[in-house]
Amino acid sequence: MCGIVGYTGREEAAPILLDGLARLEYRGYDSAGIAVQSRDAEGSMRTQVRKAKGRLKALCEMTGNGRDVRGCCGIGHTRWATHGEPSVANAHPHSSGDRRVTVVHNGIIENYREIREHLEKKGHVFTSDTDTEVVPHLLDDYYRGDPVEAIIRLISRVRGSYAFGIIFSDRPGELYAVRKDSPLIVGTAEDGNFIASDVPAILKYTRNVYLIDELEIAKLTADEVRFYNIDGEEIEKKATLIEWDAKAAEKDGYEHFMLKEIHEQSQAIRRTIEPRLADGRVVMDELGMSEEEVRAVSRIHMVACGSAYHVCMCAKTVFEETARIPVDVDLASEFRYRNPILLPNTLVIVVSQSGETADTLAALREAKARGHRVLAIVNVVGSSIAREADSVFYTWAGPEIAVATTKAYSAQLAAAYLLAIFFGKVRGTLNDAEARKMIKELQKLPAHVDRLLEEKKKVQLLAAKLAAANDMFFIGRGLDYAIAMEASLKCKEVSYIHSEAYAAGELKHGSISLIEEGMPVIGIATQEDLYEKTRSNLVECKSRGGFIIAVTPYGNYSLEGVADEIIYVPKTLPAYMASVAVVPMQLFAYYISLARGLDVDKPRNLAKSVTVE
């Protein structure tokens with residue numbers, strides 16, 4: 001949600017800010033703005049602010065792609081509305097009345113009303129409906145010539161989550177940043193230094209970044225970066241080298257990032273599994289647990305949001321079958337509010353692509369506060385979840401730009417398979433031959449994904465046929481139900497078609513009454529011991545007028561005569577079928593969105609990283 005970019009250096013700032021914001025468009029936004037320190041005709045320093053509602057294109061046109069706003073230090077922002085409607089007045093950056101202080105902000109200030117009332121009594125005049133506007137006014141109230149001192153007073157007063165980029169009009173060339181519960185990084189390069197809310201914004205300019213920790217303050221000039229703690233003491237930090245290159249965050253000839261990332265899934269799976277396999281076994285040094293500690297785990301509790309939650313639903317089936325260990329799965333947004341019962345020797349596993357998902361981060365902290373070990377499955381090195389978890393399993397999927405996740409989901413599934421094999425082997429529920437077979441089939445998954453992508457034309461034609469649908473059902477049993485949940489979410493996210501996922505056996509308990517003539521019903525039937533039961537459910541839907549599409553492995557021809565269309569997928573172990581069955585469903589959602597003329601990579605009302613509750 002929202003995007004922050006800041007730059008100070010020897011180049012013109014505005015074009016760099018606009019370029020960085022363009023690379024953060026995937027995060028979701030409804031307005032954009034930049035602020036740049038400039039000298040007026042008399043040589044005095046002032047801050048120019050330019051803001052526009054809607055897509056970034058409007059801001060680019062307003063500023064001549066940045067050429068009309070001169071200056072070498074500035075901040076930029078793409079806003080996703082929380083407080084106040086999308087408008088120019090509510091767009092960031094926000095300034096104090098005389099523009100002595102200008103701020104961009106990701107997050108939410110929970111006590112902004114009381115701060116605003118206090119400042120209004122002191123004569124401060126507000127021009128927006130946002131929570132953010134209190135920040136520059138409060139800083140202006142505190143500022144006595146030392147920006148770091150003013151920022152320390154600010155963060156002791158405000159409550160909530162935030163990442164701030166700040167410039168002071170009387171401190172030319174200086175850029176300040178601070179964060180709490182919202183991601184922010186600092187990048188360094190020869191011609192200047194940067195702040196950003198996500199790596200892709202600055203990947204074109206540098207791969208050397210510093211990860212700002214909670215309540216740390218960064219001061220950037222063209223030539224150096226300094227960091228301070230909450231007491232104002234300067235601290236040393238170590239830079240991190242981002243392994244992604246700039247090309248990884250480009251479309252590279254594909255029409256959309258979503259299609260590119262669907263095609264990158266075989267590579268993402270391969271990168272996730274290969275470093276963890278050696279001599280025909282799973283090596284899990286990063287887990288940081290001895291075999292005795294693994295055997296002592298009596299229960300696993302998995303917590304996530306959205307697609308990552310669906311990964312957990314799949315993982316539950318695989319873990320319980322392979323390692324014979326009970327697994328509970330919770331939506332992160334519900335986890336800490338229901339006072340969950342976590343029994344002794346419970347391992348908590350949290351899953352997040354960005355590593356910054358607010359609800360998942362809160363669940364992690366709740367689990368740790370109760371004394372439980374937390375393992376994180378994340379894609380972004382140095383993210384908040386990665387830093388706070390006891391151990392981290394990185395998926396190495398590379399940057400995922402499209403809002404609707406595809407390759408990160410597949411990499412998370414691969415991570416879950418590896419963990420299940422490892423636990424099963426250590427706990428003695430999986431013998432050597434079974435483990436070798438699972439590893440061998442796991443190594444075949446990238447080839448299966450590539451085969452499905454070679455046959456995508458049929459899915460494209462089917463999607464075109466159903467693009468006018470208003471409603472869809474996705475059904476399945478067991479692991480297939482978890483696959484159906486992800487398939488339904490993909491359809492909702494990018495096509496805006498109302499879709500529902502149901503455990504197939506539950507249809508007759510009420511929801512089958514919704515089946516109408518021609519309504520698409522997609523049946524996931526990959527689990528051999530459940531084929532016939534799922535087939536019966538599809539017959540029930542067909543008899544009520546449903547248009548039946550089946551997703552099933554090659555060789556399972558029992559669905560012909562029942563289904564109007566069949567999408568065949570390669571055979572693999574039942575535990576791994578989610579990794580192959582999801583691919584045509586991703587393509588299905590993508591091509592329906594395309595046929596409906598929608599913005600595939602940036603669906604309405606959605607953001608890539610959900611960093612507020």
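The model is a predicted one, and every value below was computed from it. A search of the whole structure finds 38 salt bridges, and the largest nonpolar core holds 100 residues.

**Nonpolar core**

- In the largest nonpolar core, which has 100 residues, the members that touch the most other members are Ile-300, Phe-319, Phe-423, Met-472 and Phe-588.
- Phe-588, when its neighbours within four places in sequence are set aside, is in contact with Val-459, Leu-462, Ala-463, Leu-466, Met-472, Phe-474 and Ile-522.
- As general background, nonpolar side chains in soluble globular proteins tend to be buried together.

**Packing of helices α13 and α18**

- Helix α13, which covers residues 407-427, packs with helix α18, which covers residues 577-595, at an angle of about 170°, and their axes are 10 Å apart.
- Because angles over 145 degrees count as roughly antiparallel, α13 and α18 are described as roughly antiparallel to each other.
- On the α13 side the contact is made by Tyr-409, Ser-410, Leu-413 and Tyr-417, while α18 contributes Ala-578, Ser-579, Val-582 and Gln-586.
- Sorted by class, the contact of α13 with α18 has 5 nonpolar and 3 polar residues, and no charged residues.

**Salt bridges**

- Arg-179 and Glu-214 form a salt bridge in which the closest N and O atoms are 3.2 Å apart.
- This pair links distant parts of the chain, since Arg-179 is in strand β8 (residues 175-180) and Glu-214 is in the loop between β11 (208-211) and β12 (217-220), 35 residues apart.
- Arg-179 counts as buried, at 1% relative accessibility, whereas Glu-214 is partly exposed, with a relative accessible area of 30%.
- Lys-180 forms a salt bridge with Asp-181, the closest N and O atoms of that pair being 3.0 Å apart.
- Lys-180 is partly exposed, with a relative accessible area of 26%, whereas Asp-181, with a relative accessible area of 16%, is buried.
- A network of salt bridges links Arg-179, Lys-180, Asp-181, Glu-214, Arg-365 and Glu-388.
- The side chains of Glu-565 and Lys-465 also meet in a salt bridge, with an N to O distance of 2.9 Å.
- Glu-565 lies in strand β27 (residues 565-569) and Lys-465 in helix α15 (residues 456-466), so this pair ties together parts that are 100 residues apart in sequence.

**Helix α1**

- Helix α1, made up of residues 13-22, is mostly covered, with 8 of its 10 residues buried.
- The buried residues of α1 are Ala-13, Ala-14, Ile-16, Leu-17, Leu-18, Asp-19, Gly-20 and Leu-21.
- These buried residues of α1 pack against β1 (3-9), β2 (31-39), α2 (56-62), β4 (73-79) and β10 (192-196).

**Surroundings of Ala-397**

- Ala-397 is placed in the loop between β22 (391-394) and α13, and at 4% relative accessibility Ala-397 counts as buried.
- Apart from its neighbours within four places in sequence, Ala-397 is in contact with Ala-268, Asn-379, Lys-407, Ala-408 and Ala-411.
- Ala-397 and Pro-15 are 382 residues apart along the chain, and their C-alpha atoms are separated by 30 Å.

Definitions and conventions: Residues are numbered from 1 along each chain as its sequence is written. This is a predicted model: local features need pLDDT of at least 70, side-chain atom pairs count only at pLDDT 80 or more; totals for chains, interfaces and linings use all residues. Side-chain values use heavy atoms; hydrogens and water are left out. A nonpolar core is a set of buried Ala, Val, Leu, Ile, Met, Phe, Trp, Tyr and Cys residues joined through side-chain atoms within 4.5 Å. Buried means under 20% relative accessible area, exposed over 50%, partly exposed in between (1.4 Å probe, protein chains only). Contact means heavy atoms within 4.5 Å. Axes are lines fitted to C-alpha atoms, for helices over the stretch in contact, and angles run from 0 to 180 degrees between N-to-C directions. Helices (H or I, at least four residues) and strands (E, at least two) are DSSP runs, numbered from the N terminus. Angles under 35 degrees count as roughly parallel, over 145 as roughly antiparallel, 65 to 115 as roughly perpendicular and the rest as oblique. Ala, Val, Leu, Ile, Met, Phe, Trp, Tyr, Cys and Pro count as nonpolar, Asp, Glu, Lys and Arg as charged, and the others, Gly among them, as polar. A salt bridge is a side-chain nitrogen of Lys or Arg within 4 Å of a carboxyl oxygen of Asp or Glu.
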